[in-house]
Structures are given as C-alpha cells and as structure tokens.
Amino acid sequence: LTNCYGLPQVIFCDVKSLAGPPKVRDLADLVKLHLEEIKCPAGWILLVNMERLKEILISCQKPSYDKNSLLKQMRELYGQCDHATFMDELWHLTQHCIRHPIGKNRVDSVISFVVGFVVAFCSDDSAEDSEQLQQTSPVVIDFLDSLIKHRRASSVIVRSRICDVVSLLLTGMGANASLDEEVSEAIYVCMMESLQDKSANVRASAVKALQRLQDPSNPHCPVLRAFIFHMGKDPSEKVRKSVLQNIGANRRILKEVVQRTSDSSEVVRKEAYFHIDKKILLKLLTIEQRENIICCGMKDSSKSIREMVTERLIPNWFAQCDQDYLKLLRFFDVLGDSEAPKMIINHLFSLIMPEEVIGKLLKHLNTSKLVSYEDLEPELAFLWQMASDLLVKHDLIDKISPDLTDFSKYIEGYYAWMCNPEATPEDFEKRSFVIERLLQIASNYDMSDEAGRVKLISVTKSILHQSDKVDGIIKHVVLIFVKAIPNMNSRVDQIMDLISELEAPLADENEKRNFEMNDEMKFELSRLRYQVNHAKVELEEALEQQDFLKAHGCKLKVSNLEMEEEKLKKSFEAIINPEIEDVEITTDPIVLRKCLSIMFEFVLTLGKCNKIVADRVFPCVESLIVPSIQSPVGFVRALALKTFGAVHCLGPSETLLKYLPVIVQVTQVDTGPPVHSALMALFDLMLYHGADKLFDSNDMLDKTGRLDLIGFFGSFIDSEDEDIRRIVITGFCKLYIADMVKSARLLSRLILLCFNPLTGIFIQPILHIYI
C-alpha cells in the first residue's frame, strides 16, 4: 500500500491468501477483516485504520468522489479508533497540507474536507440535554489546540494557513453554534496576536478568522477596535481590504468606512464602495457622507470605481427611495449647492429617454405647467431646473413650462409671496433657493418672444431693486440679460444703467408720491383760473355800474386769487421739472455688494471684448470700485478687489497703473478675505499683462533694482492662513507654466511642500498636478 504522499507502507501479511465478502470496499478493508479473523495484534489493526484514513484524504482530492460519503466513512473510522490516536494522525496528515500556500486545488480540497469533518461535530443533533449541546466536542477542541500550538511557526505560509483554517472552521459552524469560553478565549488571543504579525498575509488571514468573534453591538469590543485601527492605519492594502470585507455593519464604523473611499489604493476604494453598497443603508449615512461618497466616486481616477458607483451604488440608493426622485433628493442638501445631487440626477436622467423625463416631472405640475407657491419645495424646484437643463438641449422645454410671459408673472408672484414678513429665516432661505432655480429655468427659454423678454427683464430688475439678499440670483440675472439682449452695446448700456440706479437713485419715495399728485394739482389750478375769470367779470360789471366800493372788493379778490394761482403754478412746475442736484453715492454695504456682484458677473460674460466696450466699463473703476476698496466692511473690500482684477483683465487702462499700488498695499496691511482677493487679482493681472509692465515700485524690487516677485510673494507661503498659502502656491505654479518665473530654489521648496504630510489637504493636490 502507499500513503497519501506516495510513500510505500508495508503490511506484514500475505495479500494473495486473503478472502472476504463480495461487498468489501477496497484492499484496506479486506486486510482489516482478515486481521480480525486471525486475531492479529491491535497494532496491526491500527495500522490498517490509519491507512484507511490516508486513503479517504486521497479520495477527497478527486472531484468524482462524493464528499458526504467520504465524511460518513471518516466518521465511522473515528468511532472505531482511539480518540487521541486518531486526532494525532489526523493532525499529522493535515500539517503537511498547511505548509503549502493557497491556490493549490488538491491541498485546498484536503483542508476543506478536514474542516468539514471537524465542523460536523459542532452540529451534533444527537444530544438530548441543552447543557450537553453547549459543550464543545473534543474533536473541535483538540484540532483547534493543534492549530494554536503552531501559530508562531517560522514559516509565513504556515502562520497564514493556520489563520485560514481557523477562519474556515468558525465560518463552517452554524449561525447558532457556540464554543466553550476557554476555547473562544484561546482563539481570540491567538488571532489577535496574529493580527500584529509582521507579514501582511498573516494579518489579512487573521482578520478573516476574527470575523465571528466581533460584536458590533458592543462599543468597547476589542476586535472591532482592532479592525478599525487596521482599516485606517495598516500599511498593507491587502489587510485594509480584508477588514472591509469582514467587519460588521455598524453605525459607529460608518465614518471610517467612508474615509476608505479616499484611500490611496484602488482595490481598497473599490471594496469600500462595495461595502457601502451591500451593507449600509442610505438612511444611516449623514448628508455630508452621502455627498462625499458620490463626489469622490464619480470623480475617481479608476474607471472600475466610477462604474461601481454609477451602475450599482446609485441604482441601489434610487431603489431604496422607491424610484422617487424627490425622495432621493431629500437625502441630500440641495440648498448647499453641492455637486452630488446634480451628478445623481444627471446620471439617472441619462438612463431614460427625454419623453420619460417629461412624464415623471408632469406628475408634479398642474394643468398650467406650474406649481402652487406652497407646494414648490426646494427639491421639486431643483428637479424642475435639472429637467429644464436637459430638455432645452432637445428643444422640449415648452413641454414642462408655460410661455415666457406667464412664467415671468409666476416668478414675480412667487417673489411677492416669499417676502411675506411672517416667514421664518429658514423658510426665506428655502424660498430664495427656489427663486434662483426659477430664474435659471427662465434663462433656458427662447427669447424670441418680445413681450415675454421685456416682462422677464422688468421682473429681474424689480427683484434686484427690492431684495437685499441677491448673491445667488445675480449670476442668473446677468445670464438672462446676456441672452435677452444679444446686442453687446445695448447690453452694456442696460447693465451700466442698472448699476447707476442701484448705486445712486434719483428720486426717493416721497418724490414718487408727488408725481402721483399731478392730477389733483391740475384740477386745483383749473378751479383757481375759473374763480379769477369770474372775479374779473364782476369787477368789470361794478365799474360799468360805477359801484366803486364793490369794484375795490373785486379787485382785491382777483389779486388774491392770482397770487394763489401763481404759487400753485410754481409748485406744479417744480414737480414736472425738478432741479437736478448732485446725488450722493450710497455707502450702504448691501447696495455696494449688489452693484459689485453685478459688475463682476457681467465682466465674466464679456471674455475678449473690443476696446469700445471696455472703455464703457472702465469708468466704473473710479466711480464704484475704488471707493468700495476703502469701505470699512470687509466683504465689500474683498468683492471690490476681485472686481478690480476682473475688470482690468479686459484690456489695458490708465486706472490699472494708477491704483495698482493700492492693491499691493492691501496685501501688506489688511487681513482675511480682502488679502485673498488682492493676491488673486495680482496673479491674474500678472498673467494677463506681464509682471514687468505692472510693477515698478520699491516693494517689488530687490537691492539691485530688479523685479523680485519671489521675494515679495514668497513670504506669503509661510503664512498662518491656509487660504493665503493656497492662493500664492497656485499663483506660482501658474507663473511657472507661463514661463514667467525661473527659480530652482522656489521649485525645490514647492516639491518639499508637495511631499510634506503637514501640507494642507487643499494644497497638495494642486502641487501634485503641477509637478
């Protein structure tokens, strides 16, 4: 006979003389029967039993054999042998297998078969007493004890295989299986020790073995805490992936799992998204976590991860919301202007035809293709706007919106409704978001309707005049002006007039009421003229009758009426033709922010414009921008500096060199957002005009009189303000690309910052892209 390793095994008997029953399974059974008949020593029978065990392990490697039948034979063999002897021989044969790595099919088959044999003793239903059911079988105890004794083997393969076998053993037990406390403690100590092994393969296998020993409901579970540590800190991607595969779903680990979506390893990121998709419900995540998952996943550099998010995660979340777009949007912060809701809706719309989008949106609109003011919640307005952006590309926007005149009236009515003084600040914030979406929908309209275009421009101007919080709508208003007024010169005139009206209104509310009194004054003047003419007639009659006393009274009456008529005429002329006086420019920070925002957004739409248009814009520098730079309000100064840089990127101007020292001075004496805006403006102006044409002041010159940009701006790299460091580093990277700066010392400094772990998370990506 030969054993499972092909080595000869000698049995001292005459095989040719053996005879047995016709149903004997094989030669070993035949030998065993004959030895029992001739009453041989027990050692000979034991030898035959061990050979039978080897043959069973050889047979389990062949797919043609029935594993259940082999397990039954092995269990019968165990009943015929001494427990200790059988377990020693089983371990002796098993330990040859654990010396081989995972991947060899025959070895894996033997290990799986042995584990299945041991696990069968954990689910023994023959026990009648419940206490007996809780006692761990000696087979399990001895087999685990043999594994634990070899946990510190010198071979990495053996240590890893031991963890794998423990994992298979614990996984193979039933859901209600139990182990003695001592056995569980021994496994826990062994696997926790292996979790600290220097080999990543051993640590990854130990994670699998500890899977069933974790208690997600216990916040102080040591296994769970070890999993969290290795998931975020282990240097091996294999270990981090293994933890994600085996850690139990729990609210307390959501933060750590979501953080793995930004892991440096692609396989770990993909496993993190798979874990979120399979084990975590949408409602368990916070809004910030949902947005990070979507934004990072759909922008990931790996195509497989992007497909994972778009093909599995988003459809899964959509299914959890009953295929309802509004329910899905309520899980996100649409008011925060995040990219996540836009990405999700755009992707879901891309999966269906435009006609289906129309049908899904019309369910929320009335017969006039509008929504009542009370029912127009932010999520519906957002969905309406996203559908409008899609359908305008297919010329189907009229299917979900009324004509432009009616829609302009709808916007006007909604704005009047949202300004209800009884509304809470939270309601006003939501309604402001809705009015922004409505204006964006209006900008998608075809402006060929003259009446609708005029009405829309009138409504937008009215909103700008009346509202104090217009930061979000100004961009959409400017886009409406660009589309509604195609002529560049006319558009510039309209925008400049609008800014002038906001900045320096010509008439207040009392003067407007005087205009409304014109009709009353005209009636009064006509009445006085009638009385004067009637008094003159009486005077002539008195003179004809030579009644001089009556004539004198009539003369006085005519004089008084004429004087009163003259006063009324002067008052009426003063109202019709008021004296034009110099109107003081407003210093209200809200009005200044409104004017500067309009100017900034409008300049961004000009792009490359001709000199005539630029010359019409430049006068605003001295009338609006420079006075605003001197404002005591920080956000006004910051917006004015940003607008200064944008305006002077239209072309050369005398005001640029005249007021540039003021911008440089702001970077030295001011703090916070004004400095940020000043630095961004300086870098933009250098890139557009060239540094040599701009700076000739002593602040920018070194000791030799040459321009020293690195010396001036380099000091900001060490600023305590991270935003200042980010702006300056980004500016230097742009100057390097434009070949305007050449400094090996500065380049070395940027490289060190790129690989410095203390560099801000918003600065490192910029340096990585540049370098």
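On a 1 Å grid over the protein atoms alone, a pocket is an open set of points where a 1.4 Å probe fits, with protein on both sides within 12 Å along at least five of seven lines. Its volume is the space filled by probe spheres set on the points.

This model is predicted: local features need pLDDT of at least 70, and side-chain atom pairs count only at pLDDT 80 or more. Residues are numbered from 1 along each chain.

**Stop 1: the largest pocket.** Select Gln259, Thr261, Ser262, Asp263 and Cys296. Of the 14 lining residues (an atom within 4 Å of a point), these lie nearest the centre of the largest pocket. About 540 Å³ of space lies here. Now show helix 15 (287-298), a DSSP run of H or I with at least four residues. Helix 15 gives the largest share of the lining, 3 residues. Helix 13 (254-259) also supplies at least two.

**Stop 2: helix 18.** Select residues 339-350. The 12 residues reach 16 Å from first C-alpha to last, close to the 16 Å expected (1.5 Å times one less than the number of residues).

**Stop 3: helix 29.** Select residues 589-606. End on Gly607, which follows helix 29 and has a positive phi, near 60 degrees.

Key:
Side-chain values use heavy atoms; hydrogens and water are left out.
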